[in-house]
Amino acid sequence: MANPNLTDMTEEDAADLQFPKDCSSSRTDKIERNIELDVSVVKDEIITSDPICRVCKSALTEPYIRCAVCNSMELCPSCFSNGSEIGNHRNDHDYIIIKNEFPLIEESGWTAKQELELLDVLLECGFGNWIDMAKRMQDKSPEECKNHYLQYYIDNQALPGLPKIEETRASLFKCESIPYLYKLQDLEEPPRFAPNTLNCKLLAGYNPARSDFEVNFDNHAELLISDLNYNEFSINDENYELGKTLQVAIVQAYNNRLKERMRRRKIIRNHGLIAFRRTISWIQRYECTITRPLVERLLIYMQLLGGIEFDYFMEGLHRAGELKNYINKLFEFRTNGLKYFHSVPMFQKLSKLRQENEKERKQYLNNPEYSWKTILPGCNISFNNSMSNTISQRKAAPPLAIKGLPGYEKLTPAEKELCSVTRIVPTNYLDFKQILIAENKKSGCLRLAQARVLLKIDVNKTRKIYDFLTEKGYINKPNQ
């Protein structure tokens, strides 16, 4: 790059370079005027790395000569002083002296030559090795090299054209940071399922302990092509085309089986099914809103949706279930006469006390010691016999809390009581009810034995459901 401050490149510079004196003084004046006019153009020139002399092909170092008439014509001082000419270049052309002894960055105190030397040494020694860089630079300490580079090339970029580096996670860490949900001490041991078990098949042959698919899905797919022989059919054979077509079909079938294997691998990895226990705990999140049976049926859609998309899908259903449960609570409050939210805490507190008192009352009624029947005249039941009979009897299970479960809002008050006492989930009760009613329509009546065969649940629960539906008129008992 030419020096913009050197506006008077006169005979002193020419004398130092021993320019041939066969030119007239008028030409010298012309050269000076042309140099003054070309200063504004030279300001925007960019110093190129390792320029080469067009005559002797040697690497140029400042100062050197650049022709102001010819394009890309640069000469070393030796060739210029000898008046060398090449191509269209003549030794009487106007010229520019290229120097780098000027400040490239204002108020930095460093010349352009030192700036180039700093960048060359930085590439050689590497960023941060300031001590070795200072040894290769003259009159510069490690602190000066570090402060100058950080100030003018990183923090406050004064030179035009330098790349702007944004401080993002990708630029600082070379890649996008991955958030980890669990600490290392929270990670569980990988499951080690025995081969040919159900859990092993659910992982599509993935071995978590080795982090690889030791037993691949469709592990014997290679048997399709193990006996193929490329030269089995000759060109002169009349069955050549048919044989080659069959071989191609076999290879295509093998490729399809490989694609299915890779698809299952991708599903296992992308959806985190390797952590089997965490998948089970993830399903438990939706037991009160979507219910576990429905979630297990929805897992098949993981083959069609990505991990994040499937999570959005499940969270949407979960949110819908929460809203449904909230609406059911509002219905319950309104049924009990509540009209304002500030009355809800008192209602819930009183309901809790009522349940506790009801529980204590049932305990007293079941205890023969506090039963009023034992003190009636003529009662010969002894206390010891009654206690032994009570202990021998089977303890009844507590009622099931079915509020908020799917299908709860479809039940009548009597059906809610039945499901709670018999400990049946509302959705299952609705299915049982539909099955028994449909069978009753076929023959006009339904026996208890037939109901037991259809439902295949506990016989006591079947009898209670059968009696309830008979009492309500949903099904008919056969005539005696």
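**Loops, cavities and helices in a predicted model**

Lysine 57 is placed in the loop between α3 and β1. The structure described here is a predicted model. Lysine 57 is not a glycine, yet it has a positive phi of about 60°. Most residues other than glycine have a negative phi. With a relative accessibility of 57%, lysine 57 counts as exposed, because exposed means over 50%.

Proline 63 is also found in a loop, the one between α3 (39-43) and β1. Its relative accessibility is 38%, so proline 63 counts as partly exposed. When neighbours within four places in sequence are left aside, proline 63 is in contact with Pro77, Ile97, Ile98 and Lys99. Proline 63 and asparagine 100 are 37 residues apart along the chain, and 7.4 Å separates their C-alpha atoms.

Serine 72 lies in the loop between β1 and β2. This serine 72 has a positive phi of about 55°, although it is not a glycine. At 51% relative accessibility, serine 72 counts as exposed, since the cut-off for exposed is over 50%.

The loop between α4 and β3 (95-98) holds histidine 93. The relative accessible area of histidine 93 is 18%, and histidine 93 is therefore buried, as buried means under 20%. Not counting residues up to four places away in sequence, histidine 93 touches Cys67, Val69, Cys70 and Asn88.

Rolling a probe the size of a water molecule over the atoms shows where empty space is left. The structure holds two cavities of 30 Å³ or more. For the largest cavity, the volume is about 70 Å³. Its lining consists of 15 residues, and those nearest the centre of the largest cavity are Ile65, Leu75, Phe80, His89 and Tyr95. Two or more residues of this lining come from each of the elements β1 (64-67), β2 (74-75) and α4 (77-81). The element that gives the most to the lining of the largest cavity is β1, with three residues. By type, the lining of the largest cavity divides into seven nonpolar, four polar and four charged residues.

Lysine 140 is buried but has no salt bridge. A salt bridge requires a side-chain nitrogen of Lys or Arg within 4 Å of a carboxyl oxygen of Asp or Glu. If residues up to four places away in sequence are not counted, lysine 140 touches Gly109, Trp110, Gln114, Ala134 and Cys145.

Helix α16 covers residues 413-422, and its buried residues are Glu415, Leu418, Cys419, Ser420 and Thr422. What covers these buried residues of α16 includes α17 (426-443) and α19 (459-472). Just after α16, a positive phi of about 60° is taken by arginine 423.

Lysine 433 is found in helix α17. The relative accessibility of lysine 433 is 16%, so lysine 433 counts as buried. Leaving aside neighbours within four places in sequence, lysine 433 is in contact with Glu415, Leu469 and Tyr474. Of these, Glu415 is one of the buried residues of α16. The C-alpha atoms of lysine 433 and isoleucine 465 are 8.1 Å apart in space, while the two residues are 32 residues apart in sequence.

For the chain as a whole, there are 19 helices and three strands. Of its 480 residues, 29% count as buried. Among contacts between residues at least 6 apart in sequence, 48% join residues at least 24 apart.

Technical notes
Residues are numbered from 1 along each chain as its sequence is written. This is a predicted model: local features need pLDDT of at least 70, side-chain atom pairs count only at pLDDT 80 or more; totals for chains, interfaces and linings use all residues. Side-chain values use heavy atoms; hydrogens and water are left out. Buried means under 20% relative accessible area, exposed over 50%, partly exposed in between (1.4 Å probe, protein chains only). Lys and Arg count as positive and Asp and Glu as negative; His and the chain ends are not counted. Contact means heavy atoms within 4.5 Å. On a 1 Å grid over the protein atoms alone, a cavity is a set of points where a 1.4 Å probe fits but cannot get out, and a pocket is an open set with protein on both sides within 12 Å along at least five of seven lines; lining residues have an atom within 4 Å of a point. Grid points are joined across faces, edges and corners, and a volume is the space filled by probe spheres set on the points. Helices (H or I, at least four residues) and strands (E, at least two) are DSSP runs, numbered from the N terminus. Ala, Val, Leu, Ile, Met, Phe, Trp, Tyr, Cys and Pro count as nonpolar, Asp, Glu, Lys and Arg as charged, and the others, Gly among them, as polar.
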